[in-house]
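Take a walk through this model, one region at a time. Keep the sequence beside the 3D view as you read.

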Amino acid sequence: MKAAVLHAAHSPLVFSEVETPKPAASEVLIKLRYAALNHRDVWIQKGLYAGLKFPIILGSDGAGTVEALGESVPKDWLGKEVIINPSLDWGTDERAQQKSFRILGLPDDGTFAEFVKVPAENLAYKPAHLSFEAAAALPLAGLTAYRALFSRAKLSAQDKVLITGIGGGVALFGLQFAVALGAEVWVTSGSDEKLSKAMALGAKGGANYTQSNWVETLRQNAGLFDVILDSAGGDGFLSLIDLAAPGARIAFVGATRGDVKDFNLRKVFWKQLSLLGSTMGSRTDFDAMLKFVSEKRLQPIISRTFALEDAEHALRYMDNAQQFGKITLKIS
């Protein structure tokens with residue numbers, strides 16, 4: 001099969017012929033139609049991710065048809081149109097993943113290929129209203145946003161929500177989910193154009209965080225927030241503490257801007273805030289996310305589509321923060 005292979009950190013993906021994987025007894029082989037990128041793929045390429053191994057086929061997101069079955073997999077899966085849950089071996093505890101948990105695309109070969117093998121328990125039927133491309137864009141970012149907002153922050157329609165860094169996959173799904181629920185949503189971005197696009201999707205307003213008065217702008221226009229979704233961390237996180245209403249829940253799913261320095265604990269306990277770390281999600285979260293997307297007829301936002309052989313160009317496009325929505329790879 002053809003695949004985009006990463007042979008070492010700080011090196012480009014190489015489009016080449018590799019051996020087609022063979023599913024074990026409890027696995028299936030999926031013929032992929034589309035895959036999608038996540039920032040995780042860029043971080044692995046840059047050597048900024050734990051547990052690196054090479055060569056590796058990146059990619060956590062994909063949708064296609066079941067091509068072959070392991071001997072213990074029910075025969076009725078054969079030929080079905082499916083979406084992949086990339087949250088492998090979560091375990092039975094809904095509160096947190098077990099030690100053996102991993103994400104498709106490292107250490108297991110992922111979806112930047114014509115075929116991928118995954119445990120049968122990580123299959124789900126493709127939502128009927130979604131194309132293969134839209135379905136492929138959904139899993140990792142959709143699951144991450146859904147668990148952070150619903151399972152962790154207990155989002156309700158009565159909440160006022162702030163989502164930072166709009167334009168990336170998790171933030172956009174967070175916006176779509178919260179708007180679909182009926183919550184009032186505000187956003188931040190370093191781009192006025194992205195703020196305008198977010199408002200066209202239902203955000204009530206926003207602020208450009210490159211401006212020195214962005215916190216005051218939000219406070220004056222929106223007030224304080226009941227739920228905040230963040231993936232950046234860094235010093236800007238301190239401003240989120242200030243923007244949180246008493247009793248607010250702050251869910252954070254990443255730290256792309258690093259750790260938080262000079263953290264003021266007094267503001268957290270005096271305002272009765274809940275700081276909620278969240279990573280990926282359980283099978284229960286994934287099924288609930290798919291049900292919500294299907295019921296609300298939500299469509300993932302696609303920024304740009306590349307051919308599989310152009311996967312390296314797709315990674316550079318993501319690394320340059322050019323996207324508003326998901327970046328997908330057309331496989332076949």
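Val5 stands opposite Val14 in strand 2. Keep in mind that this is a predicted model. Strand 1, residues 2-6, pairs with strand 2 in the antiparallel sense, over four bridges.

Now turn to helix 7, residues 236-243. Its buried residues are Phe237, Ser239, Leu240, Ile241 and Leu243. What covers them? The cover includes three strands and helices to look for in turn: strand 11 (160-163), helix 6 (214-222) and strand 14 (225-230) are among them. Strand 15 (244-252), helix 8 (265-270) and strand 16 (274-277) also take part.

Next, the aromatic rings. The whole structure holds eleven aromatic pairs. One of them joins Phe177 and Phe292. This pair is edge-to-face, with 5.7 Å centre to centre and 85° between the planes. Phe177 lies in helix 4 (residues 169-181) and Phe292 in helix 9 (residues 283-296), so the pair ties together parts that are 115 residues apart in sequence. Both Phe177 and Phe292 are buried. They also belong to one aromatic cluster, together with Tyr146, Phe150 and Phe173.

Finally, look at charges over rings. Lys126 lies over the face of Phe132, at 5.2 Å from the ring centre. Arg304 places its charged end over the ring of Tyr317, 5.1 Å from the centre of that ring.

Note on methods:
Residues numbered from 1 in each chain as written. Predicted model: local features only at pLDDT ≥ 70, side-chain atom pairs only at ≥ 80, totals over all residues. Heavy atoms only, no water. Pairing = 2+ DSSP bridges. Helix = DSSP H or I, 4+ residues; strand = E, 2+ residues; numbered from the N terminus. Buried < 20%, exposed > 50% of the residue type's maximum accessible area, 1.4 Å probe, protein only. Contact = heavy atoms within 4.5 Å. Phe/Tyr/Trp six-rings, centres within 6.5 Å; stacked < 30°, edge-to-face > 60°. Lys NZ or Arg CZ within 6 Å of the ring centre and 35° of its normal.
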